[in-house]
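Please examine the structure shown below.

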Amino acid sequence: MAYYTDSDSTTKASRDRLTTWETSAALSDNQKESCMAIMSAVARKSIPEHLPSEVPSSVSRPNASSDDPTPGLLFGRDEIRSIHEFYAWHAEVEDALAEEEESPHELSIAQLNVYRKKCRAIGEEVTSALGQLDALEDCYTSVATKTEALHDACNHLLQDQTKLVRVAESIRSKLAYFDEIEELNQRFSSSAF
């Protein structure tokens, strides 16, 4: 009779879950090929160009052969004797790789900063122009209001003038009788009549 412990049942449950996962989330052949291509690209790390290609004669490396693919990577160290030195060397290599990878991007970043400054300057000019346009619109509104008021006053004066002309004509037509009376009086008082 076999006795199963908790760890055996946990292991069995984990295996069952893993099998279920692999069958339900299986990758297609194309996806697998893509994963393999990515893994092979990541596995090949290039050595920075500025590193020396040859090992100096003062560096002593055990088992160094002429077909060694990584010559000159010790950065002036004679040899690596401890884990601390290895980590320091590794940090130097990583920094060199990072610097090499970042150098093409620094020019792009500098150009983007120049473009950003130009865009900000253009934005400030646009803001200034909009402020001036707002002031111009206020002036236009003020002039339009005053012009409209002047136009209304002129129309009112023309209406008054028209009324006065009518009143004057009315008075003149009424005075015409008096002018005729005076002329008739002169004719009557003249001896020729």
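**Briefing on the predicted model**

The count of aromatic pairs comes to two, where rings of Phe, Tyr and Trp (its six-membered ring) pair if their centres lie within 6.5 Å, with planes under 30 degrees apart counting as stacked, over 60 as edge-to-face and the rest as tilted. Residues are numbered from 1 along each chain as its sequence is written, and side-chain values use heavy atoms, with hydrogens and water left out.

**Aromatic cluster**

- Phenylalanine 86 also forms a tilted pair with tryptophan 89, at 5.7 Å centre to centre and 40° between the planes.
- Phenylalanine 86 and tryptophan 89 are separated by about one helical turn because they are three residues apart in helix H3; helices (H or I, at least four residues) and strands (E, at least two) are DSSP runs, numbered from the N terminus.
- The ring pairs link Phe86, Tyr87 and Trp89 into a cluster.
- Which of these classes applies to tryptophan 89, buried or exposed? Tryptophan 89 counts as buried because its relative accessibility is 16%, given that buried means under 20% relative accessible area, exposed over 50% and partly exposed in between (1.4 Å probe, protein chains only).
- Phenylalanine 86 is partly exposed at 32% relative accessibility, whereas tyrosine 87 is exposed at 52%.

**Salt bridge and cysteines**

- Searching the whole structure gives one salt bridge, defined as a side-chain nitrogen of Lys or Arg within 4 Å of a carboxyl oxygen of Asp or Glu.
- The salt bridge is formed by the side chains of glutamate 183 and arginine 187, at 3.2 Å from N to O.
- Side chains of opposite charge can pair when their charged atoms come close.
- Glutamate 183 and arginine 187 lie four residues apart in helix H3 (residues 83-189), so about one helical turn separates them.
- Glutamate 183 counts as partly exposed, with 43% relative accessibility.
- The whole structure has zero disulfides, a disulfide being a pair of cysteine sulfur atoms within 2.5 Å.
- Cysteine 139 is partly exposed at 49% relative accessible area, and cysteine 154 is partly exposed at 39% relative accessibility.

**Helix H3**

- H3 has 107 residues and spans 150 Å from its first C-alpha to its last, close to the expected 159 Å; the expected span is 1.5 Å times one less than the number of residues.
- At serine 103, shortly before proline 104, H3 has a kink of about 40°, where the bend is the angle between axes fitted to the seven residues ending at a residue and the seven starting there.
- Trp89, Val93, Ala96 and Leu97 are the buried residues of H3.

**Chain as a whole**

- The chain has three helices and zero strands, and its elements run α-α-α from the N terminus on.
- Of the 193 residues of the chain, 6% count as buried.
- Among contacts in the chain with a separation of 6 or more, 25% come from residues 24 or more positions apart, where contact means heavy atoms within 4.5 Å.

How values were computed:
Predicted model: local features only at pLDDT ≥ 70, side-chain atom pairs only at ≥ 80, totals over all residues.
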